[in-house]
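Thanks for passing this one along. Here are a few friendly notes to read beside the model.

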Amino acid sequence: MSTAENTGNQADPNTALLIYGIVPADAEPEVDGIGRTPAPVRTVKHGRIAALVSEVPADQPLDRAEDLQAFSRVVDSLVAEMPVIPVRFGAALSAAEEVERELLEPNADRFRRALDELSGLAEYLVKGQYVEDAVLREILAENRQAAELRETIRTAPPELSRDARIALGETINAALEYKRQVDGEVLVQALQAFTEHLALRPPTHEEEVADIAVLVPVAKQDELMRLIGDLAEQWRGRVDLRVVGPLAAWDFVAAEGPDAS
């Protein structure tokens, strides 16, 4: 059943309601949405749950990279205050009644359970990246074939060292992949001792050791930082480690919203 807060929102052909996430019905967000003229984020309620929405002009597509980044920032900014099920970027409907009927009502039980499970939790990204010069020196010191190829390239004329350069690249890439597996497993095991909720994200570049999403109580953020700080100290000079968060649980419970009609 629609609440009074939902009733004054008749469909406006010039605007749509962009959906950010699902929160408890008593949530009171104090944040602006996205777009060229951001409107306040408000709630559309259904029983114990609500959708976070803001009005956006229907004739101004939100397809810029900065729109996606701003959307994520809005959702992530609320995590410290309330449990949030993030909704994938781009979901929008014409009016509050549609949000309730097409999104909230059919998923009410699932959303309530997920919000209960997310209470007090946030996602953190643990990212590791090799220090390029350090890991290259490490590979050359450990891999005799790589060292010999490097010496061949150093002493041979460029026109005679092409094959050696290709072979060296392949050897270094193979050695780097092995190191990534070994060091990545060390990081995974350290995090598994801290939380059972992990998601491995695909690498984005060759120097990346790992990109791991973890779901952790916000109250234990300092413990997570100490854990990563201790490992960063062990890897000082060869791996840069950092933690990003708190974030919404994008890698664990993000919902697909209905398309605009």
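Predicted model: local features only at pLDDT ≥ 70, side-chain atom pairs only at ≥ 80, totals over all residues.

1. Numbering runs from 1 along each chain as its sequence is written, and side-chain values use heavy atoms, with hydrogens and water left out.

2. Look inside for one cavity of 30 Å³ or more; a cavity is a set of points on a 1 Å grid over the protein atoms alone where a 1.4 Å probe fits but cannot get out. The largest cavity holds about 50 Å³, the volume being the space filled by probe spheres set on the points. Its lining (residues with an atom within 4 Å of a point) includes V79, M82, L118 and L247. By class, the lining has eleven nonpolar residues, no polar ones and one charged. Strand β6 (residues 121–130) contributes the most, with three residues; strands here are DSSP runs of E, at least two residues, and helices are runs of H or I, at least four.

3. Do check the peptide bond from G245 to P246, which is cis, with omega near 5°. P246 sits in strand β9 (residues 239–247). Most peptide bonds are trans.

4. Helices α5 (residues 132–142) and α6 (residues 144–155) pack at about 105°, their axes 5 Å apart. The two are therefore roughly perpendicular (65 to 115 degrees). In α5, L136, I139, L140 and E142 meet R144, A146, A147 and R150 of α6, contact meaning heavy atoms within 4.5 Å. This contact has five nonpolar, no polar and three charged residues.

5. How many aromatic pairs does a search of the whole structure find? There are three, counting rings whose centres lie within 6.5 Å. One of them, Y20 with F71, is stacked, at 5.0 Å centre to centre and 15° between the planes; stacked means planes under 30 degrees apart. Y20 in strand β1 and F71 in helix α2 are 51 residues apart.

Notes:
1 Å grid on protein atoms, 1.4 Å probe; cavity = no way out; pocket = protein on both sides within 12 Å on 5 of 7 lines; lining within 4 Å. Nonpolar A, V, L, I, M, F, W, Y, C, P; charged D, E, K, R; others polar. Axes fitted to C-alpha atoms, helices over the stretch in contact; angles between N-to-C directions. Parallel < 35°, antiparallel > 145°, perpendicular 65-115°, else oblique. Phe/Tyr/Trp six-rings, centres within 6.5 Å; stacked < 30°, edge-to-face > 60°.
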